[in-house]
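Q: Please show me how to read the features of a model, one at a time.

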Amino acid sequence: MAGSQGKFDFAIDRGGTFTDVFARLPDGRERVLKLLSHDPQNYKDAPTEGIRRVLEQETGQAFPRDQPVDASLIGWIRMGTTVATNALLERQGERTALLVTQGFQDLLHIGTQARPNLFDLEVSVPEVLYEEVIEVEERVVLKQGGCQLPRKDTGDSLEVWRELNLKRVEEDLKGVLSRGITSLAVLLLHSYTWSAHEKAVGSLARKLGFAQVSLSSEVMPMIRAVPRGYTVCADAYLTPKIRQYLRGFTSGFKGGLQEVNVLFMQSDGGLTPMEQFCGSRAVLSGPAGGVVGYAVTSYNPYDKKPVIGFDMGGTSTDVSRYAGQYEHVFEATTAGVTLQAPQLDINTVAAGGGSRLFFRSGMFVVGPESAGAHPGPACYRKGGSLTVTDANLALGRLLPSFFPRIFGPGENEPLSTEDTMKHFQQLTQEINDFLSTSQSKCSTNGSGVMHNDIAKVVKSKMSVEEVAMGFIRVANEAMCRPIRALTQAKGHDTSQHVLACFGGAGGQHACAIARALGMKTVFIHKYSGVLSAYGLALADVVEEVQEPCSLQYEPGSFSELDRRVDLLSQRCQGALRTRGFTSTQIQTELFLHLRYEGTDCALMVTANGYPSNAQSCHSGDFRSAFNKRYLKEFGFTIADRPIIVDDIRVRGSGKSGIKSLSHAEAGSFTQKPTKVKPTECHFEKDHCIHLVFFKSTILVEPGCVAQLTAGGDVCITVGTDTQCALGTELNAIQLSIFSHRFMSIAGTDLYLHQHKGTFGFLLAPGGHAGDCAVPGGLLQHSVFQPGVTGPVFFVASRGHHADIGGITPGSMPPHSTSLQQEGAVFISFKLVSDGVFQEQAVTDALLAPAQHPGCSGTRNLHDNLSDLRAQVAANQRGCQLVNELIDTYGLAVVQAYMGYIQSNAELAVRDMLKDFAHRRRQHMGSLEVESEDQMDDGTIIRLRVKINEEEGSAVFDFSGTGTEVWGNCNAPRAITLSALIYCLRCMVGQDIPLNQGCLTPIKVIIPPGSILQPSQNAAVVGGNVLTSQRVVDVIFRAFDVCAASQGCMNNVTFGNDKSGYYETVAGGAGAGPCWHGRSGVHSHMTNTRITDPEILEKRYPVILEQFSLRPDAGGAGRFHGGDGVIRKLLFREKVVLSVLTERRSTRPYGLSGGESGAPGLNLLHRADGRVLNLGAKTSVSLEPGDMFSLYTPGGGGYGKVEGDDPDSKSAPPKRRRLNESFSERGSVFEYRRAQESV
């Protein structure tokens, strides 16, 4: 199947802008061509047109454009397409309805309850894909040995608690059909392991006439209802659009391609027959071909040097890694939709040729906004903005003579260097004005440099070329950042990789990026401009099967595990045989989805390189493979902890691709690169060389040597950086670059501190030494340098512990009155001494709370120690990264730029305060603002702010705030400062690194002995999770930013002697001057993800009866507040329930005439029928059959309702479309999102 003798074979990548075609001709020659994906004046379908052109030109026969193409000359067609991706981005899929278990109609709206952007008060979240929701009367729950409630046994591992009401389903489905919806997604709880109810609903829907019925148990049978629900909705939403496209494509050929082998690329990098190509597996169809292309052509199986794929396009850049095996993720977010399906780990960042350029608060900023195709960059002659493409053009790195004349209003003009230079001259003037007018008005930074007098530490003027080069360097660093994260976060050395460059814009940046990352080799394939299409020709046909498991990986389970593996392997091989593959062409690979018992971090593991032994299953030593990978990625393992097999996955490959011609003789290709005369590049002493290579421009920078391989590819040896050493004086370009470098280190789950003397503690999980008032700890390591006395930096990592002792499980007691009742207290503790982990000493400290009456020591000592070791490993890695940065630039430079970064944050805050003061003075005449709010017990939080408009400084005075309380809502001073930094960052409205510089222009006055600065031993566990919310409300109210959000984290804890559980629950967000409040989301100061319903019911003695939005809880207004949620927990065993909440007697305020949101409510439904109001804070013993009902507060409304304005309540929020703001993707993005959650 590698080729079709005597026929034409085609591999086609249909992108959003261009369609690339690779053709293998009957005589073995190859052809490539590009054409526009949309050109309705000339052809209906680009892939069809590409095939037609090749056939006509090569055979000399006429193939009329208005007639179906004769397919008898075609052997096979392979395609990758962005049809599904574009439909998802534009929300142009099929009208879809969702069928979901009763009580969960809003489950996918709430999702994980986390905010995509912590500092976006609008909480811009893409809308769900379904148009209507039908709740299905049915309920299946998992068996539990300790359950003390009546049960209906299915004879399996589940119990039917509510029979499926098909009659009611039929009535509802008929109504949906009558409204023109013919696509259906079905999500029933626990269907991943028992699908009878879903199949019954699916069968009924098909009989009724639904054109597309997607069942979650078939699309992806993995535990976790929320991502499985998103995936099945995407399948129902996108598959009809794919089918529609396929019908149009095949209609362009005689016989509808019935006799042609047509395969489509899936997101996992494997091909599948056209009739099996579906929406949930198609989202990465386009970029997947490029990964296969560079993996096959760039990776050398003999030296096994790993490869980084670098695909720079117009809007964004894709980076990925290949080290002999494709790296997959099994849950990733694309266009705001989390898909639970095998996908190549392609990380997309907002840095492409079309990324816009900005100068903000003294920093060069690239993206994430993009100029798009229209109007495009300034050089496109359509009134566009400055972009990375313009910077390359201004520097002579792009040559207009090699571009087609397709620009301007008439699309008949060349690129405009004049427009680019005009825009750069204006921006350069803006930058120089800033540099010349900035004066020394701020305090000295920690390094002792008066760096805010910018005019004194940088030269007064920059040239246009210097500015353009600065943006190029910042863009390069932005693209380096995900590459570092992709490698370093998994324990790999970035410098020991080859950079494989492809895509339209990558060749102009490849040398600089490789040099910045320490890479020595850049490889650019001869088909780099069409590598995604070429990769399709090299790819294999793939069949994957997967099923849930839930076995322990231990000898007693190996026989059952081997049996199930054999059955899945046979299914894979059988499916591939039906497609014409022989046994010799088929390879299968086994993966086990493994995790340590009691943890949520599961890894999909292969046993390649780990042969079977007496202590493993027949397929390999998965325990050793898992432990080694876990150690490499997380820095520790959990000894003696059982390993759970969550899923079994078998991937079968039918070897069908053509062979790469990388070893062909030189000259066997049809076009050699064109060498262009040397061109002066600014900031470089020497010349660079341009190679125009299959319509791609490659910039060979000074110190780099390019060679043409025997196969016709370009291999560049990258020399070392010959630039002059960087000084400690401030350079605006380097400021932006260092911002990325520092964030790359902090992005590994670390905090980075410049040394300013001696710190008094190393570990501070409570009390007044640190800012943590929840069970957790800040672990700090010192960074030393040879010849320097004392530390030069500190790195620190935050750990959150499920329990550290105290009077209740979970260490979040609702009724604590002293710090000791809340668990172990560490004011200062040396955890690692002389390189030795002080296990016994920290164990004694964690068990010490048992000395206090009514208290227990930690209930999870093993987990505490494992978590602390993980923090130690993270810190050690951080120390290494900081030292590498110092080795590159020198200690003085790194410390100086740490100070400059803090001053940049200071400047951004000062600018914000000046702007607010100016507007306030014009409208009110006063530069003082004040506000107050109160806790449920009546304690006042009062704030008065005095602003100095000239300096951009302010005094935040909390005098008049209530006294320390007899309870745990006291908040140490650090909590108020954290809340203040959060508010300032939200009000600044631009992406700045969070650091102490934000508070430099701020003086904070907090009265000692108040609830915001309590005494040493005051109970504080509620201060971080409750009082902090009220502080935020008061600050935003003073500045008239937005109405109050729910103002509470709704802390719920339950447990018994066998297990313990803690969660925080979403509510309504406050509305603002131009937005409705988001419903069912966490707001302010936290981003805690809620446990998935299926995981919750599997691990704990509870049944989630309902999790939905709380109608009408949001306050009315011109813009209405978000609704809270309803969450009902039915208990199967005896437990102790604790609730720690606020806003039960006070209501989240509305603003500017908007109404207040509804207060929350905590109800207990006893099994005997009694209903009790638990109040805001309590702990109570529950019996089997008791149910806790949580009604969380809504957000306040904004603006007065004028007349009977329907928008005040019913109108949906206007959300941004995905293409208006860039959406990142990949494991790096998912990792960062996880860091923002606790």
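A: Start with burial: Glu543 is buried, at a relative accessible area of 15%. Buried means under 20% relative accessible area, exposed means over 50%, and partly exposed lies in between (1.4 Å probe, protein chains only). This is a predicted model: local features need pLDDT of at least 70, side-chain atom pairs count only at pLDDT 80 or more, and totals for chains, interfaces and linings use all residues. Residues are numbered from 1 along each chain as its sequence is written, and side-chain values use heavy atoms, with hydrogens and water left out.

Q: Where is Glu543 found?

A: Helices (H or I, at least four residues) and strands (E, at least two) are DSSP runs, numbered from the N terminus. Glu543 sits in strand E24, residues 541-552. The protein chain has 24 helices and 50 strands.

Q: Which side chain joins that of Glu543 in a polar contact?

A: A polar contact is a pair of N or O atoms within 3.5 Å; within protein, one must be able to donate a hydrogen and the other to accept it, and residues adjacent in sequence count only if both atoms are side-chain atoms. Here the partner is Arg579, at 2.8 Å.

Q: Which residues is Glu543 in contact with, leaving aside neighbours within four places in sequence?

A: Contact means heavy atoms within 4.5 Å. The residues include Gln276, Cys572, Arg579 and Val650. Across the protein chain, of contacts between residues at least 6 apart in sequence, 72% join residues at least 24 apart.

Q: What is the order of strands in the open sheet of four?

A: Two strands pair if DSSP finds at least two bridges between them. The order is E6-E5-E9-E10, with parallel pairing. Strands E6 (132-136) and E10 (212-215) stand at the edges; each has a single partner strand, so one side of each lacks a neighbour in the sheet. Strand E5 (residues 96-101) pairs with E6 over five bridges. In one of them, Thr101 has Val136 of E6 as its bridge partner.

Q: Which strands does helix H4 touch?

A: Axes are lines fitted to C-alpha atoms, for helices over the stretch in contact, and angles run from 0 to 180 degrees between N-to-C directions. Helix H4 (residues 166-178) packs on the sheet and touches E5, E6 and strand E9 (183-187). Its direction makes about 170° with that of E6. Helix H5 (residues 196-208) also packs on the sheet, touching E5, E9 and E10. The direction of H5 makes about 180° with that of E10.

Q: How many disulfides does the structure hold?

A: A disulfide is a pair of cysteine sulfur atoms within 2.5 Å. The structure holds zero.
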